Amino acid sequence: MAFASTYAQEHFCATHKQKYFQKSYGKAATSQQLSLMNNYDVKFHHLNLNIERNSTIISGNVRTIAKVVVNALDTFGFELHSNHTIDSVVNSSGVQLTVQHQSNFAYVLLPQSIQKDNLIDVTIYYHGDALVAAGAAIGSGFTTGTSTRWGNQATWSLSQPYSAYEWFPCKQALQDKIDSVYTYVTTSNENKVGAIGVIKDVVNLSGNKVRYQWQSKLAVDYYLISIAVAKYVEYNTYAHIDGDSMLIQDYIYDNPATLTTFKPELDKTAPMIEGFSNWFGKYPFWKEKYGHAMAPFSGGMEHQTMTSIGIINFSIVAHEIGHQWFGDHVTCKTWKDIWLNEGFATYCEYLALELLSPSEAPADMIAVHNTVMSQTDGSIWFEDTTNVSRMFSSRLTYNKAGAFVHILRYELNNDSLFFAILKRYQQQFAFGTANTADFKTLLEQQSSKDFTQVFNQWFYGQGYPTFNVSWNQLNDTLYLVSNQTVSSTTPLFNTPVEYKITYAGGDTTLRIMHNQKQVWFKLPINKMVSAIAIDPNNWIINRGTAAKDVTIVGLNEQLFNQSNVQLYPNPASQQIQINGVNPSSNVLVFDALGRVQISTTLKNNNLDVSSLNSGLYWVEVKDALNQNCIQFIKQ
Ligand SMILES: [Zn+2]
C-alpha cells in the first residue's frame with residue numbers, strides 16, 4: 001500500500017470506506033426484517049468471543065437484553081451472517097428456544113409472548129468463519145491480515161455501515177443505540193485485545209489463553225462496537241479536561257520501530273481532545289477513555305473510545321477524534337445525513353491545525369476547496385443511498401461538507417456563537433442521533449438567522465462561483481466591479497465576499513455582500529492601492545481574479561452606487577413587482593435545480609408567477625446596463 005499517494009488522491013477514511021462499501025453494502029436487512037427488529041429497543045450486548053490475531057474464525061456467545069416496545073412480542077428477530085452456525089439460543093432461565101436462521105437473519109420463537117416494556121434476555125451461541133468477502137484488498141466486517149510495513153498480524157472488525165452482522169448477532173438500526181456493551185475476548189496470551197469502554201479485567205486462562213474483559217456503559221451505535229486483536233504494546237498518556245485526568249490508551253504493533261515512529265503524532269491526541277473539549281463540550285466519553293488500536297488497513301475508523309487505525313498521521317488522528325463528537329456521540333439519523341459525521345470530522349482536521357499548527361491551516365482549506373472544484377458540479381445532499389461511491393464521496397461528503405461547515409462559520413461571522421452552536425448540538429442530541437433538518441433548525445434558533453438560502457446554494461445546490469473583479473483608483477476613491485459566473489446549476493451565490501486591499505504601508509479586508517451577478521462599489525482610500533485579493537482567508541468555495549482596469553471609471557459611474565433592485569411581495573402567489581430596473585427588462589425564472597421555468601419581459605415592472613408550483617425560484621433580470629439575480633418563494 002502506498003500511503004502517500006493514497007492520501008494525495010483520496011481521503012483516507014473515504015478511500016477505505018468506498019472499497020469496503022462496494023462489496024458489502026447490499027447486505028442490509030430487508031424492511032420486513034427491520035420492522036420485526038423495531039419491535040424492541042436494544043439495551044445491552046455482552047459479547048463473549050474467542051478470536052485469534054491470524055484468523056477470522058469466531059466462536060462464542062452474545063447475550064442481548066432488549067425492551068419490548070410493541071404490545072406483545074412472540075418472535076425475536078436479529079441479523080447474523082449465514083457463514084455462522086447458531087448452536088443454540090437460551091433465555092435467562094436457561095431454556096433453549098427454537099430458532100430459524102435463514103438468509104442472514106434469525107427468528108427466535110418465544111415460548112410465550114413478552115408484553116410491552118418487559119425485557120427480552122437471550123444468549124446466542126454461535127461459531128463460524130466471519131470472512132465474508134474473501135480476496136478483498138482491504139476491509140470487511142471482520143478481517144485478518146498482516147501489515148506490509150511492519151509485518152504484524154492483526155484481526156479486526158469494521159462494521160460501517162451494515163457489516164456488524166458479519167461477526168456478531170445484532171440489530172443494524174442507527175436510531176437504536178445500545179445503552180451498554182461488554183466485549184470479552186479470549187485469545188492467545190501473547191495478544192492484546194482493543195475494544196470500546198474500559199478494561200475491567202484481564203483473566204489468565206489455561207492453555208496459554210487470556211480473556212480481555214472490556215465494558216462500556218455509554219450509549220453506542222451498532223457499527224461503532226469493535227474489536228482489534230494483535231501482538232501490541234500499550235502506550236498510555238493522559239488528557240486533562242475540566243480537572244479530570246483521562247487515559248489515552250494506544251495499542252501499537254509490538255515491533256521495535258512502530259511506537260518510535262508514531263509517538264510524535266500519538267502525542268498530539270491529548271491536546272486535540274483538550275482543544276476539542278473546549279470547543280464542542282467535554283469529550284463525551286471522558287468517563288471511559290480514548291485510544292487507538294492498530295490494524296492493517298489504509299485508513300482510520302472512529303470506533304467509540306478506540307479508533308481502529310492503519311495510518312497514523314496528524315489529519316487522520318484529528319479526523320477520528322473529531323468523530324467521537326460528530327458521528328459517535330451524535331450519530332447521523334439516516335445514512336443520507338452522513339455529512340453530519342464526515343463533514344464535521346473533515347472540518348476537525350482543519351480545526352486541529354488552527355489549534356496546534358496554525359500556519360498550516362490555510363493550505364489545508366485551499367486543498368479542500370481545490371478538491372471540491374476539481375469537478376464543476378455535485379451537491380453535498382444526495383437521495384440514493386444505494387449509490388455507495390456517492391455516499392462516501394471524498395469530494396462531496398468529506399471535502400465539500402467540511403468546506404460547508406467553514407462557510408456556516410463565515411456566515412455566522414462570530415466564532416463564539418459558532419462554537420456555542422456546535423456545543424449546543426452536542427448537548428441537544430447527546431448519545432443520540434440527528435438529521436440535517438435537526439441541525440439546521442438548531443443553527444437557525446441559536447443564531448436567529450434564516451439559513452435556507454445558504455443551504456440551498458451550498459448544500460443542496462451544485463457548483464461554485466467565480467468572481468472576475470476589475471478595479472481602478474482615481475484620486476482618493478477605489479472603484480471595483482465584481483462579475484460572478486457559476487460552474488453549475490446554482491444560478492447565483494448570494495454570499496458575502498472578503499476583499500483584501502493592499503496599499504502603500506498596509507492593507508485592509510472588507511466583507512462585501514454579493515446579491516447580484518454584478519456588484520459595483522466604491523470606497524474612499526487615500527493611499528495608493530497596489531493589489532486586491534478575493535477571499536484571502538479561504539472562507540468560501542470559489543475561484544477569482546482581480547485586475548486593475550482603468551476603463552471602468554467614468555463609463556458607468558452611476559452604477560457604483562449599489563443597485564437598488566427590489567422584489568415584492570416575497571413570498572408571492574400571483575404577481576411580483578421588480579423595481580429598480582428597466583420596467584420592460586428581459587427576465588428568466590429558474591427553479592432550484594437551475595431549469596428555466598419562465599422566459600419573458602417585465603410588463604410595467606410586473607411579472608406573472610401564477611403558473612409556478614410552490615417552491616424556491618431565482619429571477620434573473622437583464623437590462624442594458626445590469627444583470628440582477630434575486631431569490632423568491634412561490635407560495
Ligand atoms: Zn470519517
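Is Asp415 buried, exposed or partly exposed? At 36% relative accessibility, Asp415 counts as partly exposed (buried is under 20% relative accessible area, exposed over 50%, partly exposed in between, with a 1.4 Å probe and protein chains only). The model is predicted: local features need pLDDT of at least 70, side-chain atom pairs count only at pLDDT 80 or more, and totals for chains, interfaces and linings use all residues. Residues are numbered from 1 along each chain as its sequence is written, and side-chain values use heavy atoms, with hydrogens and water left out.

**View 1. Helices α10 and α11 pack together.** Helix α10 spans residues 394–412 and helix α11 residues 415–428 (helices are DSSP runs of H or I, at least four residues; strands are runs of E, at least two). Their axes are 8 Å apart, at an angle of about 130°. The contact involves Val405, Arg409 and Leu412 of α10 and Asp415, Leu417, Phe418, Phe419 and Ile421 of α11 (heavy atoms within 4.5 Å).

**View 2. Asp415 pairs with Arg409.** The two form a salt bridge, with the closest N and O atoms 2.9 Å apart (a side-chain nitrogen of Lys or Arg within 4 Å of a carboxyl oxygen of Asp or Glu). Arg409 is buried, at 5% relative accessibility.

**View 3. Lys449 meets Glu411.** The closest N and O atoms of this salt bridge are 3.1 Å apart. Lys449 lies in the loop between α12 and α13 and Glu411 in helix α10, so the pair ties together parts 38 residues apart in sequence. Glu411 is buried, at 11%.

**View 4. Lys209 meets Glu52.** Their salt bridge spans 2.8 Å, N to O. Lys209 is partly exposed at 30% relative accessibility, and Glu52 is buried at 19%.

Note on methods
Axes are lines fitted to C-alpha atoms, for helices over the stretch in contact, and angles run from 0 to 180 degrees between N-to-C directions.
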